[in-house]
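Q: I'm new to this one. Can you walk me through a few spots in it?
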Amino acid sequence: MTVEQPGKVAYVGARLLDPASGLDATGDLLTEGEKIAGLGPDLFNGSPPSDAVVVDATGLCLAPGLVDMRVQLREPGEEHKESLRSGCEAAVSAGVTSMVCLPNTQPVLDDQATLEFVARRARKLALTKVYAYGAATKGLSGKEIAELGLLAEAGALAFTDGTTAIANSQVMRRVLSYAVTFGLMVVQHPEDPALASGGVMNGGEMATRLGLSSIPREAEIIILERDMRLVEMTGARYHAAHVSTADSVEIIAKAKAKGLQVTCDTAPFYFALNELSVGDYRTFAKLSPPLRGEHDREAIVEGLKSGVIDAIASDHAPQDEESKRLPFAQAAFGGSGLETLLAVSLDLFHNEEMGLLDVLAKLTSIPAQLLGLQAGTLSPDHPADLILFDPNSAWKVDGDKFLSKSKNTPFDGKPLQGQVLRTVVDGRTVFEASNHARAA
Amino acid sequence: MRDPVFPHRHLLGIEGLSPLEINHLLDLSDPYVETNRGTDPASKCLRGRTVVNLFFENSTRTRTSFELAALRLGANVINMQVEASSVSKGETLIDTAVTLNAMHPDVLVVRHPQSGAVKLLSEKVNCAVINGGDGSHEHPTQALLDALTIRRRRGKIEGLKIAICGDVSHSRVARSNFYLLLTLGAEVRVIAPHTLLPGQVERLGVKTYTDMREGLRDCDIVMMLRVQNERMSGSYIPSVREYFRFFGLDREKLSLAKPDALIMHPGPMNRGVEIDSDVADDFERSVIREQVELGVAVRMAMLELLANNLHADAVVADAAQ
């Protein structure tokens with residue numbers, strides 16, 4: 001399959017939003033081939049180039065495409081839950097133009113061949129750009145260091161054991177030390193497996209009422225505290241995925257103040273929902289880490305505002321219906337996150353917690369910078385990865401309408417504001433809302 | 001017409017029921033105690049109705065109690081014992097519900113090892129569902145029979161000091177009893193080592209004690225909970241003998257409760273683990289056998305109530321056609 005080389009496209013009259021430069025002004029943007037050729041308030045002086053396709057963007061926001069630093073795509077191995085195709089189709093409809101998948105596929109992405117398989121398949125689809133994290137330990141077993149150097153050469157952006165923490169302190173220390181050699185960061189799922197073992201939801205009154213065994217907040221806190229010591233010891237770059245507690249924010253803030261190379265992200269689940277969403281055993285709200293109490297949710301919002309939490313990732317964890325139609329304790333962890341990523345994040349703007357550019361920065365320029373990607377900004381000569389969106393357009397979440405194979409959204413039924421109307425990857429329009437039911 | 005005080009389709013738990021509803025359920029159960037003691041306890045009120053005991057967990061006592069209750073009311077009873085130990089088998093829960101539903105039973109009595117499983121099942125069927133115990137969540141008929149036992153002995157529940165001792169963390173009996181006894185105005189004390197206390201349990205309205213002697217002081221009722229043997233080998237408790245020393249009910253510890261305090265246990269008992277035989281068999285104070293007896297009465301009342309509510313719906317539906 002060959003992808004047609006795009007020509008010139010002129011986006012006219014848009015509200016240009018570039019979090020990296022702080023630009024927020026009405027103007028135009030021109031793409032030429034795969035790159036952004038220019039942008040600005042008076043780019044065309046009323047007359048776009050005659051050889052350009054003109055897109056009237058009046059009244060719409062034009063921003064860099066979203067960079068989602070944590071998704072699970074289930075291919076290879078569990079294509080019935082999500083395939084690269086369904087994941088990428090969901091992603092472009094959600095305005096995600098770059099995403100990084102976890103290595104917890106079957107087989108695990110712990111060697112060059114599987115990593116290259118994913119890259120090749122995704123390139124053929126020519127939708128969202130798919131990158132991968134390499135496994136930090138062989139087979140994600142937490143015992144032996146994976147071939148980090150070779151994985152880095154094959155394109156791994158960082159190393160992680162995906163949805164399990166590296167629990168053994170000696171192994172973690174060596175992974176961190178060895179990763180320094182290649183200048184790549186280690187991404188941790190901060191949850192002490194022993195303390196979390198058997199648990200299915202946040203510890204506290206709610207779990208006690210429901211008679212469910214709990215994952216205490218301390219499972220996350222202990223791993224983060226330990227890891228900060230190991231980061232200090234090794235000088236590694238460390239990124240904590242989906243932080244969910246107030247103490248986590250404090251620990252990361254302290255580490256940053258100390259000058260450690262530590263960053264973190266959270267997912268919309270953790271700033272938009274709390275454990276009450278579990279309600280009467282709603283398995284769609286069974287997430288990892290578990291939804292926490294309201295105090296923690298508020299602290300996550302504060303962490304985003306203060307900048308301690310660097311980025312927002314979808315934490316897309318697709319599950320099939322059979323894995324969720326079970327008694328709560330037996331149901332699988334995880335929520336479908338891609339297609340609500342932008343709108344739920346925009347809640348922070350609509351609720352006047354954060355400015356529009358600040359919210360977008362956490363979804364675009366900052367994750368791109370953390371991952372070392374040339375993405376997430378509107379700059380001449382950068383790849384033309386763009387979204388046109390209406391931040392106010394209202395819709396209601398209906399999992400059944402998701403393009404992802406995974407309908408397990410804890411936001412089902414929630415009214416949201418903000419819809420992507422067009423997604424552009426390397427200058428080509430890969431998604432237009434008018435062709436799609438969810439926009440209706 | 002559905003029962004005006006308790007118009008619900010199912011009995012899934014005690015949490016959320018009002019004092020009025022709970023007292024009504026106890027009032028409905030009470031007459032069956034005398035009926036069962038009479039020479040001819042048989043009734044025909046559920047003749048032609050089908051009660052299915054669907055048990056995903058081993059049970060002799062509860063299943064027999066429900067079975068006898070249904071038979072005394074003249075219902076047809078089917079017992080189904082399903083293995084649900086593995087996760088893969090758990091996937092069949094909804095399928096099982098749909099299959100059974102197609103056979104149009106009137107009441108499903110369900111026990112399942114997972115919290116919330118009975119609720120999940122109840123959403124997939126048209127019949128009435130009674131929760132016969134789900135995981136560590138609720139066991140409503142046990143709490144009702146406990147309350148009926150206490151009410152018949154003490155005349156009321158309000159104002160009584162009731163101690164619940166043992167593995168609260170994993171106990172559905174404890175949770176249903178908390179809700180019921182607190183709703184009716186009792187003071188509920190929980191006595192257990194911290195490893196067997198669930199997080200923030202005080203927020204449910206109970207007082208917690210780790211010193212059994214202190215917790216039992218001036219109590220009207222001492223309710224012991226079963227402690228599973230597999231929790232006693234170092235995972236939650238170091239050993240049986242250590243548990244019995246600090247949390248087992250013996251005569252010496254019991255002496256701190258009121259002189260006429262009643263001893264209760266939902267069964268089956270671990271003699272010499274959570275309760276000394278000497279105390280368990282004290283016929284003046286132990287009401288353990290009475291609990292079993294009243295269990296049948298409570299279950300008869302619940303089966304009749306829910307079957308009638310269901311029937312009332314059917315009559316309305318027929319009339320509408």
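Q: What does B:Thr50 touch, not counting residues up to four places away in sequence?
A: B:Thr50 touches B:Asn76, B:Ile78, B:Pro105, B:Asp106 and B:Val107, where contact means heavy atoms within 4.5 Å. This is a predicted model, in which local features need pLDDT of at least 70, side-chain atom pairs count only at pLDDT 80 or more, and totals for chains, interfaces and linings use all residues. Residues are numbered from 1 along each chain as its sequence is written, chains are lettered from A and ligands numbered from 1 in the order in which they are written, and side-chain values use heavy atoms, with hydrogens and water left out.

Q: Where is the place of B:Thr50?
A: B:Thr50 lies in strand β1 (residues 50-55) of chain B. Helices (H or I, at least four residues) and strands (E, at least two) are DSSP runs, numbered from the N terminus.

Q: And is B:Thr50 buried or exposed?
A: Buried, since B:Thr50 has a relative accessible area of 19%. Buried means under 20% relative accessible area, exposed over 50%, and partly exposed in between (1.4 Å probe, protein chains only).

Q: Switching to chain A, which strand is A:Asn202 found in?
A: A:Asn202 is in strand β12 (residues 201-202) of chain A. At 3% relative accessibility, A:Asn202 counts as buried.

Q: What does the side chain of A:Asn202 make a polar contact with?
A: One partner is the side chain of A:Glu275, at 3.2 Å. Another is the side chain of A:Arg292, at 2.9 Å. A polar contact is a pair of N or O atoms within 3.5 Å; within protein, one must be able to donate a hydrogen and the other to accept it, and residues adjacent in sequence count only if both atoms are side-chain atoms.

Q: What else is A:Asn202 in contact with?
A: Leaving aside neighbours within four places in sequence, the contacts of A:Asn202 include A:Ala207, A:Ser214, A:Ile215 and A:Pro290.

Q: Now helices. How many residues of α1(A) are buried?
A: Eight of the 10 residues in α1(A) are buried, so this helix is mostly covered. Among them are A:Leu84, A:Cys88 and A:Val92.

Q: What do the buried residues of α1(A) pack against?
A: They pack against β7 (96-101), α2, β8 (129-132), β18 (415-425) and β19 (428-432) of chain A.

Q: At what angle do α1(A) and α2(A) pack?
A: Helix α1 (residues 84-93) and helix α2 (residues 112-125) of chain A pack at about 50°, with their axes 10 Å apart. Axes are lines fitted to C-alpha atoms, for helices over the stretch in contact, and angles run from 0 to 180 degrees between N-to-C directions. α1(A) and α2(A) are therefore oblique to each other; angles under 35 degrees count as roughly parallel, over 145 as roughly antiparallel, 65 to 115 as roughly perpendicular and the rest as oblique.

Q: Which residues make that contact between α1(A) and α2(A)?
A: A:Leu84, A:Arg85 and A:Cys88 of α1(A) meet A:Val118, A:Arg121, A:Ala122 and A:Leu125 of α2(A).

Q: Back to chain B. Where is B:Asp313 found?
A: B:Asp313 sits in helix α12 of chain B. B:Asp313 is partly exposed, at 24% relative accessibility.

Q: And what is B:Asp313 in contact with?
A: Leaving aside neighbours within four places in sequence, B:Asp313 is in contact with B:Arg2 and B:Arg9. B:Asp313 and B:Cys127 are 186 residues apart in sequence and 11 Å apart in space, C-alpha to C-alpha.
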